[in-house]
Amino acid sequence: MAKVLTLLVLRLLMNLLLIGWISLWIIKPTTIWIQSWRQAEDTARHTFFGYYGLNFAVFSFPPIALSIVGLIYLSLLPQHHHPTRGGRGAAITVSRPAIINSFIGIVSCFEILALLLFLLFLAWNFYARVSNDFKKLMPVKTMNLNLWQLKYYRVATRFGLLAEACLSLLLFPVLRGLSMFRLLNIEFAASVKYHVWFGTGLIFFSLVHGGSTLFIWTITHHIEEEIWKWQRTGRVYVAGLISLVTGLLMWITSLPQIRRKKFEVFYYTHHLYIVFLVAFLFHAGDRHFYWVLPGMFLFGLDTILRIVQSRSESCILSANLFSCKAIELVLPKDPMLNYAPSSFIFLNIPLVSRFQWHPFSIISSSSVDKHSLSIMMKCEGDWTNSVYNKIEEAANCENKINNIIVRVEGPYGPASVDFLRYDNLFLVAGGIGITPFLSILKELASKNRLKSPKRVQLVFAVRTFQDLNMLLPIASIIFNPIYNLNLKLKVFVTQEKKPSNGTTTLQEFLSQSQVQSIHLGTDEDYSRFPIRGPESFRWLATLVLITVLTFLGFLIGLSHFFIPSEHKNHSEVMKLAASGAMKTAKEKVPSWVPDLIIIVSYVIAISVGGFAATILQRRRKHKEAPRMSKEVVIKPEERNFTELKPIPITEEHEIHIGERPKLEEIMSEFEKNLRGWSSVGVLVCGPESVKEAVASMCRQWPQCFGVEDLRRSRMKMNLNFHSLNFNL
């Protein structure tokens, strides 16, 4: 009871923090807030915390506090808890696709609502600022502008605030260990598209802001004079130009046409974000930067925590080479490390490349394999082909290669086993997109849960018969009955007419498939190189708190040292602030001094957070070493890929040759076999064309956005669409 009450209090606190921070953004452009805030800053300037402490506490701390409270909340939840199952009273399925477009992807109802609210906020912010500017237009002292030029110049300036709003949210979707989207059960791979949306908005508003400003300077012949002006107080325009150019370069190289073909160009160019953020700070000033700081602060700490984790080495225990040029790698893990199905890791193999990291879905289940973790990759690029060749060389080499060292970051995945809340599952996979479903099916087969999907339909589309080998890791599940689970598989081979070995059934084909199993590790490697995973949520919350207190301490301390303040009593300060006669201490120092103080405080705080994380990792390693050495290691089950038992069930899995899946017909057949009303989780992973086809089917299915009128409708199911990504 106490735990439930604590969780309710934490949820209430998170909602209050989020609502409070959003409310600040809404009231920020109003005249009442501007006047009140100036007085509050003037009052705080002569206190111990100063105006910088006040800005940080009001604008920066709420999202950071939300992250700390959210991590504590997640630490109190049962590990990979099961959400409440959907029932007849399910209201609106916000996950249902509303827009399906090859350019912007698949957008759900919930995402459209959130996007409209954000655009409404931007419109309100822009209107409030511009209307206030037009009421009290004042000519720029250094430029002789006529009325239309002056108005256009003010409008261009306010577009910069819209870019600032996008920048303040830009880095939250790409957090991994500290991701707050887990609270909404949104995985990292799905939240990346929000980063793309905010980045596109940032570049658009920045181009309007910067381009319009340069246009006004050009037609008034002040461009050379203004752009190189490094003012003692106010804006540094050359820094704004640097920020615009670097941001535009990052955006161009992140376009799908470049990112997919030249990933290294995209990857290394994106590291210019450091130059971009520093230039933005010097251009906008410290007051504007406090709005952007939360995302930058959490991203910096998240990055340093990932670096600390990825320094630990692991190794490849064994590998299975499939004839379809796919590889299954088995890695050792700590038996205490648990992860939800559909989780993924980032993998680096120094033997292939010291700097390249690639994400791969985990195909094993931590409920079954306590001491190992498996991933599968398809050789479709230079890096994966190099991995295949290295493993093949290790198998054929007379001097056996042991301990192929790897580095692992993760696992990352959903906070809850979301698919268990559905009565039935409809899984659609294309090619290597089968990988997250392998872990889901293993999880379903591992335990006899009372609350789990009773019927599972798996639709698997591949180009060639050889690609069917990717089903071998779950062959025992496919061809053996599982208590309380009805699994039916429909396989579609689209580009071949008949198999080369003359088989006619899926069982016959898989039983004759050629798999090369290679053992690379030893029994000692289980305890020497285990993957331990990220720190617990409780320790992550502690690290965030330590880092933020360090930052605040150095921010206040350095500001007191480098920005002298005049100590006056409160009544005198209020009188001077009201009369406008008070000259602030900040005006006596160059504008870049507070900016440098923020940078130095940030670097020190993130370094302290990284040092604390390193200590925690070493402490964890030494603490677990005795337990790992004494524990009896249960090796992963040796799978015999050539011997499959006869199918003991009457309904044989279907294989269709030379055709593509007709999803509407399969779904209609699936619905006929259901008993009574039920919720159906529709999960898809594969190429974008497959995702769009499944999304279109869910959108066209007659359920009126999930709102059921059971008295008028004869439908037996409510579809809930989920798209899984196997690449980023």
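Guide: Helices (H or I, at least four residues) and strands (E, at least two) are DSSP runs, numbered from the N terminus. Strand β9, for example, spans residues 405–412 and includes proline 411. The model is predicted, so local features need pLDDT of at least 70 and side-chain atom pairs pLDDT 80 or more, while totals for chains, interfaces and linings use all residues. Numbering starts from 1 along each chain as its sequence is written, and side-chain values use heavy atoms, without hydrogens or water.

Visitor: What is the peptide bond from glycine 410 to proline 411, cis or trans?

Guide: As background, most peptide bonds are trans. Here the bond between glycine 410 and proline 411 is cis, and its omega is near 5 degrees. You can look for proline 411 within β9.

Visitor: Let's turn to phi. What is the phi of lysine 325, and where does this residue sit?

Guide: Most residues other than glycine have a negative phi. Lysine 325 is not a glycine, yet its phi is positive, at about 65 degrees. The loop that holds lysine 325 runs between β4 (318–322) and β5 (326–332).

Visitor: And what is the phi of serine 342?

Guide: Serine 342 also has a positive phi without being a glycine, near 75 degrees. Look for serine 342 in the loop between β5 and β6 (344–348).

Visitor: Why does serine 342 count as buried?

Guide: Buried means under 20% relative accessible area, exposed over 50%, and partly exposed in between (1.4 Å probe, protein chains only). Serine 342 counts as buried because its relative accessibility is 11%. Lysine 325 reaches 31%, so lysine 325 is partly exposed.

Visitor: Which residues make the nonpolar surface patch?

Guide: A patch joins residues with over 30% relative accessible area and no salt bridge, like charges within 9 Å or nonpolar side chains (Val, Leu, Ile, Met, Phe, Trp, Tyr) within 5 Å. Areas are Shrake-Rupley values with a 1.4 Å probe, and for residues only the protein chains shown count as cover; a salt bridge puts a Lys or Arg side-chain nitrogen within 4 Å of an Asp or Glu carboxyl oxygen. In this model, Leu18, Ile22, Ile26, Ile27, Trp124 and Tyr127 make a nonpolar patch of about 550 Å². Two elements, α1 (2–27) and α4 (109–135), each give two or more residues to this patch.

Visitor: Which element gives the most to the nonpolar patch?

Guide: That is α1, with 4 residues.

Visitor: Where is tryptophan 124, and why is it called partly exposed?

Guide: Tryptophan 124 belongs to helix α4. Its relative accessible area is 32%, so tryptophan 124 is partly exposed.
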